[in-house]
Amino acid sequence: MARRAIPVKKWPGMVAAAIVAALILGTLLAVALRAEAGRGLGPSEWAAIRFTFWQAVLSATLSVALAIPVARALSRRQFPGRHLLVTLLGAPFILPVIVAVLGLLAVFGRSGVLNEILRWLGLPEVQIYGLHGVVLAHVFFNLPLATRLILMGWQQVPSERFRLAAQLDFGPREMWRVIEAPLLRRVVPSALAVIFAICLSSFAVALTVGGGPRATTVELAIYQAFRFDFDLGRAALLSCVQLLLVGTAAFVALRLSGTDSFGTGLDRVVKRWDAGGLTRIALDSFAICGATIFLILPLSMVVWDGMFGVLQMPAQVWKAAGVSLVVALASTLLMLGFALPIAIAAGGRQSWIEMVGLLGVAASPLVIGTGLFIVIFPIADPFAVAFPVTALVNAVMALPFALRILVGPVRDVIQNYGHLSHSLNVTGRHWLLLILLPRIRSVLGFACGLTAALSMGDLGVIALFADPETATLPLQMYRLMGAYRIDAASGAGLLLLCLSFGLFWLFDKGGRGRADT
């Protein structure tokens, strides 16, 4: 393969990758050195490990099991609004966790809609706190992700397979044995592993609806050891355990994400001849409607309750909103400073550099935050740098997603315009401004919007570093919920929802500004 011509220098990408590697690996080393070698895990730590593993197994299994009929229904049904519904399945990924939890409490909580109906009918109430609430919240977040992963697998089946199945007059059993079962065997294991890894490192869900000796995850135990006991040795030891759990799950997910497929076709529009029959139509309609209601109802409750709670928000909420906006914009700027040079270097022959940026997948924000606190504590006041540290960690956590979005388009620009740019002596910043950025503007806007939205709703590192007088909007919202000021928290939740989706829309729209011109 010919050497790719990179019209800009590669050393900025290597420097950015070195900074990211030093940040992640350095903090992990600090955590490992702080962990007390002779100190073993006590009963409470083992209980947290068991609960973390068990809730992740339940959450991943339920998410994927429920996603299979939904993805199957979407793959063989065409109806008005289908494209919008598939698009909305990506919304929970950028939805602030604390907002989703507030919506779930409005539906399934003690005073929620469901329990009001159950009380009216004289039936036993449901309990959302503890294991039930953690699993419910994880299913809410990961059911759309699992549906999208399985649906993408279904869409990769060539139309000729379904045409041949129709010609052979396949019934439901034959369709399952020849097409659907082999497809699920390819897609489901990797989806399970990915969601399992996500559920292992979910902190905000456990913080809001977990807690208690029987519902404490490893990350929540790290937070408790850090904030309540200030036992850095115990926090470091638990951080090592968390790193081992998440790293193993991420490795398994990577190994299971195979490239096998059903082969290629003639790119005809897929037509499903197996979609007829009243029973199939009823089952598919039930799956689609049930998933839609489950996802839309909590968000609708957040909007409805938030409209009545906006006027009851204290002044601290608006201050926290301003802080969150600054942190989100700073995270986005830092992400660009890391992602763009790394993507350019990875687009050339240094494709290994991308792997450095993906280190954030195996590291938990809380573990990195603990390591940064251990490093900063002897030389400065960690609480004084809470917001810069939060912005930095959020940028590093968003970096793997940004790189997956940017590397492919950047590589295409280098392949298509690299040699021509060299021959015309268009190099350096001129090539960056005139050739590269205009051609990756849309994906760059999407990556920036995703980073800003994720940072806006983050409730991780800031929970470790913030003092009682300062907070981001998610943390201020959590404090209002803890003080049982639910109306004010609902107003803050609506504000956070609008700001998160607003930032995503502005960046994404800005990136697509010239798409049609």
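This is a predicted model: local features need pLDDT of at least 70, side-chain atom pairs count only at pLDDT 80 or more; totals for chains, interfaces and linings use all residues.
Partly exposed means a relative accessible area between the 20% under which a residue is buried and the 50% over which it is exposed. R119, at 34% relative accessibility, therefore counts as partly exposed. The protein chain has 22 helices and zero strands, and buried residues make up 52% of its 517 residues.

**The chain as a whole**

- With 22 helices and zero strands, the helices are the elements to keep in view as you turn the model.
- Of the contacts in the protein chain with a separation of 6 or more, 83% are between residues 24 or more positions apart.
- The accessible surface of the protein chain comes to about 24,500 Å², and carbon and sulfur atoms account for 66% of that surface.

- The structure holds two salt bridges.
- An α-helix has 3.6 residues a turn, so residues three or four places apart point the same way.
- E116 has a relative accessibility of 42%, so it counts as partly exposed.
- Side chains of opposite charge can pair when their charged atoms come close.

**Aromatic pairs**

- A search of the whole structure finds six aromatic pairs.
- Among them is the edge-to-face pair of F53 and F196, with 5.6 Å from centre to centre and 80° between the planes.
- That pair links distant parts of the chain: F53 is in helix α2 (residues 43-76) and F196 is in helix α9 (residues 172-200), 143 residues apart.
- Are F53 and F196 buried or exposed, or something in between? F53 is partly exposed because its relative accessibility is 46%, whereas F196 counts as buried at 18%.
- F446 and F504 also form an edge-to-face pair, at 5.7 Å centre to centre with 75° between the planes.
- Because F446 lies in helix α19 (residues 441-456) and F504 in helix α22 (residues 486-511), this pair ties together parts that are 58 residues apart in sequence.
- F446 is partly exposed, with a relative accessible area of 32%, while F504 counts as buried at 17% relative accessibility.
- Ring pairs also link F140, F141 and F294 into a cluster.

**Helix α21**

- How many of the ten residues of helix α21 (residues 473-482) are buried? Seven of the ten are, so the helix is largely enclosed by the rest of the structure.
- The buried residues of α21 are L473, P474, L475, Q476, M477, L480 and M481.
- Following α21 comes Y484, which has a positive phi, near 60°.

**A236 in helix α12**

- A236 lies in helix α12 (residues 232-256).
- With a relative accessibility of 0%, A236 counts as buried.
- Which residues does A236 touch, not counting those up to four places away in sequence? They are V31, R34, A35 and I374.
- One of these, R34, is 202 residues from A236 in sequence, yet the two C-alpha atoms are 6.0 Å apart in space.

**Q224 in helix α11**

- Q224 lies in helix α11 (residues 218-227).
- Q224 has a relative accessible area of 24%, so it is partly exposed.
- Leaving aside neighbours within four places in sequence, Q224 is in contact with T216 and D229.
- Between Q224 and L464 there are 9.6 Å in space, C-alpha to C-alpha, and 240 residues in sequence.

Methods:
Residues are numbered from 1 along each chain as its sequence is written. Side-chain values use heavy atoms; hydrogens and water are left out. Helices (H or I, at least four residues) and strands (E, at least two) are DSSP runs, numbered from the N terminus. Buried means under 20% relative accessible area, exposed over 50%, partly exposed in between (1.4 Å probe, protein chains only). Contact means heavy atoms within 4.5 Å. A salt bridge is a side-chain nitrogen of Lys or Arg within 4 Å of a carboxyl oxygen of Asp or Glu. Rings of Phe, Tyr and Trp (its six-membered ring) pair if their centres lie within 6.5 Å; planes under 30 degrees apart count as stacked, over 60 as edge-to-face and the rest as tilted. Accessible areas come from the Shrake-Rupley method with a 1.4 Å probe; for residues, only the protein chains shown count as cover.
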